[in-house]
Amino acid sequence: FIGHFDPEAVEKYNEVKERYETMSVQLADLEKSKAELTGIITGLEGEMKTAFVDSFNLINENFNAVFSELFGGGSAELSLTDPENVLESGIEIKAAPPGKIIKSMSLLSGGEQSFVAIALLFAILKVNPSPFCILDEIEAALDEVNVARFAEYIKRYSSGTQFVMITHRRGTMEAATRLYGVTMPEHGIS
């Protein structure tokens, strides 16, 4: 004696077989889709790496040129902390104003650090220009000489970009083509 006989066993078998075949087809479709998506992602990552490296190299060239122009000499450079993995790499900024050898950005004065950031901003704008740019007290930490250099640079650069500068610095205001004043009386803005 083998055991209990199930008269519906053939029907149950056919149902399970049909579900198995349906799921097998779905699994094959999923595996094919996964392989296609993996291929697309790999292709996109390759394109992103190429685009990033190309832009990074252009920004690096511009950074050195803008830095030298703003500082009246010196050198600046961007480098990747992990050149083999550019999409996850950090970016290191090296800058040496004229006559200085700097091992770390933290050794620069606050004004010099601001000027480095300004040089980097304009290096990026040269690669990816914008028709309109709002800068809010970007030159606040600069001394008067560097405010004047910055203002002259903005004037030369403003042929392709309209700048709205929020500032309290005289040198920047003197270089502006239009001035709009905002005062803050005791009980609100007028």
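Which residues do ring pairs link into a cluster? In this predicted model, ring pairs join F63, F67, F71 and F115 into such a cluster. A search of the whole structure finds nine aromatic pairs, and two of these can be described in some detail. The pair made by F52 and F56 is stacked, with 5.8 Å from centre to centre and 20 degrees between the planes of the rings. Both F52 and F56 belong to helix 1, where they lie four residues apart, about one turn of the helix. The two partners fall into separate classes of accessibility: F52 counts as partly exposed because its relative accessible area is 28%, whereas F56 counts as buried because its relative accessible area is 10%.

An edge-to-face arrangement is found for F122 and Y157, whose rings are 5.2 Å apart from centre to centre, with 80 degrees between the planes. This pair links distant parts of the chain, since F122 lies in helix 2 (residues 110–127) and Y157 in helix 3 (residues 144–157), 35 residues apart. Both F122 and Y157 are buried.

The charged side chains were considered next. Side chains of opposite charge can pair when their charged atoms come close. In one of them, R156 pairs with E69, and the closest N and O atoms are 2.3 Å apart. Distant parts of the chain are linked by this pair, R156 being in helix 3 and E69 in helix 1, 87 residues apart. With a relative accessible area of 39%, E69 is partly exposed.

A further salt bridge is formed where the side chains of E112 and K100 meet, at 2.5 Å from N to O. This pair also links distant parts of the chain, with E112 in helix 2 and K100 in the loop between strand 2 (91–96) and helix 2, twelve residues apart. E112 counts as buried because its relative accessibility is 15%, and buried means under 20%. K100, in contrast, has a relative accessible area of 38% and is therefore partly exposed.

R169 and E144 form another salt bridge, in which the closest N and O atoms are 2.8 Å apart. Here R169 is placed in the loop between strand 4 (162–166) and helix 4 (170–175), while E144 is in helix 3, so that the pair links distant parts of the chain, 25 residues apart. R169 counts as buried, because its relative accessibility is 9%.

Attention then turned to the surface. Which residues gather in a patch of negative charge on the surface? This patch is made up of E8, E11, E15 and E18. Of these residues, E18 is found in helix 1, and E18 counts as exposed because its relative accessibility is 55%.

Why does I40 count as partly exposed? Its relative accessibility is 49%, and the class of partly exposed residues lies between the buried class, under 20%, and the exposed class, over 50%.

Helix 1 also holds L30, which is exposed because its relative accessible area is 58%. The C-alpha atom of L30 is separated by 64 Å from that of T183, and the two residues are 153 residues apart along the chain.

E137 has a positive phi of about 50 degrees, although E137 is not a glycine. The residue is located in the loop between strand 3 (132–136) and helix 3. E137 is partly exposed, because its relative accessible area is 34%.

Methods:
Residues numbered from 1 in each chain as written. Predicted model: local features only at pLDDT ≥ 70, side-chain atom pairs only at ≥ 80, totals over all residues. Heavy atoms only, no water. Buried < 20%, exposed > 50% of the residue type's maximum accessible area, 1.4 Å probe, protein only. Phe/Tyr/Trp six-rings, centres within 6.5 Å; stacked < 30°, edge-to-face > 60°. Helix = DSSP H or I, 4+ residues; strand = E, 2+ residues; numbered from the N terminus. Salt bridge = Lys/Arg side-chain N within 4 Å of Asp/Glu carboxyl O. Patch = residues over 30% accessible without salt bridge, like charges linked within 9 Å, V, L, I, M, F, W, Y side chains within 5 Å. Areas by Shrake-Rupley, 256 points an atom, 1.4 Å probe, with all protein chains shown as cover. Lys, Arg positive; Asp, Glu negative; His and termini not counted. Charge placed at Lys NZ, Arg CZ, Asp CG, Glu CD.
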